[in-house]
Amino acid sequence: KDKILPYPIAQHLMKNGLNIVTVKYDSPGLASFFIVERVGSRNEIENGVTGFAHFFEHMMFRGTDKYPNEKYNEILKLIGASANANTSLDRTIFHMTGNALKLETMFNIESDRFMNLKYSEHEFKTEAGAVKGEYTKNNASPYSQLYENLMNTAFDVHTYKHTTMGFFKDIVDMPNQYEYSKLFFKRFYRPEYATIVVVGDVTPEKVNKLAEKYFGKWERGNYQPAIPVEPVQTATRFTHLQNTGIPPYLSLNYKGPAFSDNKIDMPALDVLCTILFSQTSDLFKKLVLKEQKIRFLGGGASDSRDPNLISISASVKDKKDMQYVKDEIVNAVEKVKSDGVDEKILEDTKNYLKYSYAMGIDDPESIANSLAHYIYLTGDPESLNRLYAMYDKVTIEDIKNAAKQYFISPGLTIATISADAEGGVK
């Protein structure tokens, strides 16, 4: 079978545990340079110190002795690159795209900050203040507040219980955690947690040589976090946010599986959720277009390293329709459990999922970004090709099984927003 990514993926594992991934792509003079750190809020297992994975996304731009912040930015301008980063539950990704002829400069400045990050207690406190500001800004959104409440309600012990930003009480206390911050960096900013992805006008030989030159002295660590295993949920849970500023909002969140590129569950859920909740679905046509009870409908399973949520959400026009909308969503899923789905719709959906993905990987950055996604999930970029090969195998029976296994009321957490104090959905 043809692979979804039509370009060979070269991999080179260094002695210190750092993996180097290169994809030669016809983009004359251009290359994307990504560092995937497999550390996110999932790794924050100690009480009182959540939010540090995201904190280091900020801190990594504070500079080193060799390249202080201003100098770092100056060099980026010279190579025509802009550097950025983002954090989520399972990873932190640092990335830049620029002149392929300046690849050595990219390796030089990135290895320096990954190996030699330095900051004073004063700088640490300043950045901790900035993180608190970001939290406050984000949390002005009722949807952000609801998401935070949802994760805290849906999970008891697993670290997905707190969002990437962390618990607010921990962010308030962050300025006092200078010593802990150094420990966090020492644990996780290590070669065995990292993968370098270079895509564009490059060769694997050159990339590997530069990696050995600049990252060869990076010392492997020995820290392994023991991520707590979430017990099975046994009854529906509820969280409600009273807010008069936005339309009523309903979100149904079922416990789903961890990402896997060799089990059929994830592809089956992707296909199922697209059939049931996309803009071409019967449910969308009924509730949005015909009855006009909701403004939008959307849903899907989260890709993550450990079991996470399958979320379906709707913006409801009138609070009194909340229960009706919930029942309609549940009925649509129940119908799949008993009747399956239409064979032609199944084939069309599988093709749509594959082609819409394939159409989107058309430049070095989108390819590197996509590989980064599967690297943080499994550690292996080939995971991308394995997953998309699984879509072809999804049968009606697989979809029925996924619906029966995961869409069950004991594994459900219902999150609502409305103007009154009650969610009013059972």
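Reader: What relative accessibility does K286 have?
Author: This is a predicted model, in which local features need pLDDT of at least 70 and side-chain atom pairs count only at pLDDT 80 or more, while totals for chains, interfaces and linings use all residues. Residues are numbered from 1 along each chain as its sequence is written, and side-chain values use heavy atoms, with hydrogens and water left out. Buried means under 20% relative accessible area, exposed means over 50%, and partly exposed is in between (1.4 Å probe, protein chains only). K286 counts as partly exposed, because its relative accessibility is 27%.

Reader: Which residue meets the side chain of K286 in a salt bridge?
Author: Side chains of opposite charge can pair when their charged atoms come close. Here a salt bridge requires a side-chain nitrogen of Lys or Arg within 4 Å of a carboxyl oxygen of Asp or Glu. With 3.9 Å from N to O, the partner of K286 is E291.

Reader: How many residues apart are D321 and K293, which also form a salt bridge?
Author: Their side chains meet at 3.7 Å, N to O. The elements around them are DSSP runs numbered from the N terminus: helices are H or I with at least four residues, strands E with at least two. D321 lies in the loop between β10 and α11 (322-339), whereas K293 lies in the loop between α10 (282-290) and β9; the pair thus links distant parts of the chain, and its members stand apart by 28 residues.

Reader: What is the phi of Q292?
Author: Q292 sits in the loop between α10 and β9, and it is partly exposed, with a relative accessible area of 46%. It is a residue other than glycine, yet its phi has a positive value, near 50°.

Reader: Which strands stand at the edges of the open sheet of five strands?
Author: Two strands pair if DSSP finds at least two bridges between them. The pairing in this sheet is mixed, and the order is β7-β11-β8-β10-β9. Each edge strand has a single partner strand, so one side of each is left without a neighbour; these strands are β7 (237-242) and β9 (294-301).

Reader: Which residue of β11 is the bridge partner of T239?
Author: β7 pairs with β11 (residues 412-418) in the parallel sense, over six bridges. Within β7, T239 belongs to the covered face together with R237 and L241, while F238, H240 and Q242 form the uncovered one. F238 has I414 as its bridge partner, and T239 has A415.

Reader: Which element gives the most residues to the lining of the largest pocket?
Author: On a 1 Å grid over the protein atoms alone, a cavity is a set of points where a 1.4 Å probe fits but cannot get out, whereas a pocket is an open set with protein on both sides within 12 Å along at least five of seven lines, and lining residues have an atom within 4 Å of a point. Grid points are joined across faces, edges and corners, and a volume is the space filled by probe spheres set on the points. The largest pocket holds about 570 Å³ and is lined by 23 residues, with I275, L276, S281, D282 and I345 lying nearest its centre. With six residues, the element that gives the most is α11.
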